Amino acid sequence: MKFGHFCRHWFHPQRSNNHRPKILHQSSFLALSALVVSFAVLIKVLENQQILGLTANISPEEVMRQTNAEREKLGLTPLVANSKLTQAALAKGQDMLAQHYWAHVSPTGTQPWTFMKNSGYVYQLAGENLARDFANTPDMVRAWMNSPTHRANIVNGRYREIGVAVLEGELEGQETTLVVQMFGTPLSSSYQSEDNLTVANKAEENLALSNEPEVLATFSLPSPPLSLPALFSPLQITKAFFLAVIMILSSTLLYDTIVIGHRGAMRLVGKNLAHLFLFFAIAFLLIFFKGGIVG
Amino acid sequence: MLTEFKKHSLAYLVLALALIIFVIVFLAVWPNHLIQRVVILALAIFYFLWGFLLHLKNKEINQKIMSEYAAVSLLAALLLFLITL
């Protein structure tokens, strides 16, 4: 009986709620706002304490495969995996996690190519892409391709080799999956420039390039995600909760509209139909939202 | 509901069009979360103003109604903003 009264008060327009379901009152919208903020904070805390899994479905092999797939679409030669570049990428990632920075240049001024040199990779051209917190490889590569500077690295026809490292650890106080992608053209390599001119014999120019390497780089800073099974990633749990909130509100708005329309009653309240439009738009965006920021 | 739509058809068409544009822009700027947050803020402000102007035009504006629009805009903005963190 009490439960029935409670439900009617919250979801049915009647005298006890001034003929407007209690959940559609301004105070309830504010309470729901506080609830979604609390939920998001809770998910972040659980994520940071590794109670919610943080295992991205990203492997270096898949990153290389998809990077080459993007190059092949443009008729470019695929990049070949190079163990020294991979070692450099791994060292860069470890340095970022150890020193807690998210940048191409470390707080102590170490440049990306320093890691390449330390691994013994001698290049005439080099580049770096960074990404973090992506749940899967396709989203990450798509984010890179959407960013002109990242894209320039991936589809640079002058690169010959690639090294990719995927690391997990705490970065800037947040558990994250970090991806370092390094591109290079070895000093001994000849390559076709964009206008198809062979520049293998431009030794001096290449040496100059190796002294002042051309580092085409930028980094993407995507958002949430990752989990034990992908189905229960923090991002997906948050999405599910938010969608549930929208569904409850939308159902109540629809029900309220029908009941009041049937009664032919007049009320001075906001437009239910407009609220429905807005919540449908928000629901659509939540469903199709993917993590990812370019920094 | 249909009656309500017909009564303010122009206002609802403007709202629907604006929401479609916001949705397209929000998805198009991915993965730049910073711009997405700007879009979210713009959406919340637009919705509040839309409610204000519609009720002002109908001469049925009061503090309670505007508080409702403010609260709905806030909730909508938070739902999207928090997902971008």
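From the N terminus on, chain B runs α-α-α-α, which comes to four helices and zero strands (helices are DSSP runs of H or I with at least four residues, strands runs of E with at least two, numbered from the N terminus). This is a predicted model, where local features need pLDDT of at least 70 and side-chain atom pairs count only at pLDDT 80 or more, while totals for chains, interfaces and linings use all residues. Residues are numbered from 1 along each chain as written, chains are lettered from A in the order in which they are written, and side-chain values use heavy atoms, leaving out hydrogens and water.

Of the 85 residues in chain B, 48% are buried, meaning under 20% relative accessible area with a 1.4 Å probe, protein chains only.

| Chain | Residues in the contact |
|---|---|
| chain B | 42 residues |
| chain A | 50 residues |

The area buried between the two chains is about 4000 Å², with 79% from carbon and sulfur atoms; that's the accessible area (1.4 Å probe) lost on being put together, summed over both. In chain B, B:Trp30, B:Leu79 and B:Ile83 lose the most area to chain A, together 19% of what that side buries.

What about charges? Chain B and chain A share two salt bridges, each a side-chain nitrogen of Lys or Arg within 4 Å of a carboxyl oxygen of Asp or Glu. One of them joins A:Lys271 to B:Glu60, with the closest N and O atoms 3.3 Å apart. On the side of chain B that touches chain A, α4(B) gives the most, with 15 residues.

Key: Contact means heavy atoms within 4.5 Å. Buried means under 20% relative accessible area, exposed over 50%, partly exposed in between (1.4 Å probe, protein chains only).
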